[in-house]
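Have a look at the structure first, and then we can walk through it by topic.

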Amino acid sequence: MSEQPAPTSAAEERPAKAATAFRTISEVAEELDVAQHVLRFWESKFPAVRPLKRGGGRRYYRPEDVELLRRIRKLLYEEGYTIKGAQKVLRAERAGSRTARPAEPAEPVTELGPQLGGGARHRLAAIRAELEELRARLRRALA
């Protein structure tokens with residue numbers, strides 16, 4: 001029996017591109033480990049990401065676009081920022097103001113608070129009070 005070589009991915013078959021080369025959306029998606037539709041969504045939310053578009057709408061990302069997308073990915077996936085929070089951080093960084101960056105990511109509940117209607121806010125407050133009561137009961141039971 002002869003051993004068959006392990007199948008190679010498309011990325012392994014392609015020669016490495018120069019650092020200054022433009023990249024397609026599939027190359028960037030693979031490099032950042034995100035889906036292509038995520039990159040297109042980020043383009044709509046972060047105006048600084050502006051890939052070149054050629055005939056047929058094909059996107060070509062410059063090295064600085066890829067770096068910005070890498071930064072966005074880190075803010076969203078690793079540091080836990082929301083889209084709005086990441087936008088604020090990037091805006092502050094572009095303005096050169098490192099002090100404007102929040103020390104910790106904003107909690108999503110804080111961000112949703114103003115958007116909730118009065119009824120939903122009251123229901124959430126009631127649920128929270130109930131959970132706090134249950135936690136107090138558990139603490140007393142375990143003590």
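A surface patch is made of residues with over 30% relative accessible area and no salt bridge, where like charges are joined within 9 Å and nonpolar side chains (Val, Leu, Ile, Met, Phe, Trp, Tyr) within 5 Å. This is a predicted model, in which local features need pLDDT of at least 70 and side-chain atom pairs count only at pLDDT 80 or more, while totals for chains, interfaces and linings use all residues. Residues are numbered from 1 along each chain as its sequence is written, and side-chain values use heavy atoms, with hydrogens and water left out.

**Patches on the surface**
- Arg50, Lys84, Lys88, Arg91 and Arg94 come together as a patch of positive charge on the surface. Lys and Arg count as positive and Asp and Glu as negative, with His and the chain ends not counted.
- The place of each charge is taken as NZ of Lys, CZ of Arg, CG of Asp or CD of Glu. A salt bridge is a side-chain nitrogen of Lys or Arg within 4 Å of a carboxyl oxygen of Asp or Glu.
- Lysine 84 lies in helix α5 (residues 83-94). Helices (H or I, at least four residues) and strands (E, at least two) are DSSP runs, numbered from the N terminus.
- Lysine 84 counts as partly exposed because its relative accessibility is 39%. Buried means under 20% relative accessible area, exposed over 50%, and partly exposed in between (1.4 Å probe, protein chains only).
- A nonpolar patch is formed by Leu124, Ile127, Leu131 and Leu134, with about 370 Å² of accessible area together. Accessible areas come from the Shrake-Rupley method with a 1.4 Å probe; for residues, only the protein chains shown count as cover.
- Leucine 134 sits in helix α7 (residues 118-142).

**The whole chain**
- The chain has seven helices and three strands, which run α-β-α-α-β-β-α-α-α-α from the N terminus on.
- Of the 143 residues, 23% are buried.

**Helix α2 and its neighbours**
- Ile25, Glu27, Val28, Ala29 and Leu32 are buried in helix α2 (residues 25-32).
- These buried residues pack against β1 (23-24), α3 (36-45), β3 (59-61) and α4 (63-78).

**Leucine 52**
- Leucine 52 belongs to strand β2 (residues 52-53).
- Not counting residues up to four places away in sequence, leucine 52 touches Phe22, Arg58, Arg59, Tyr60 and Arg62. Contact means heavy atoms within 4.5 Å.
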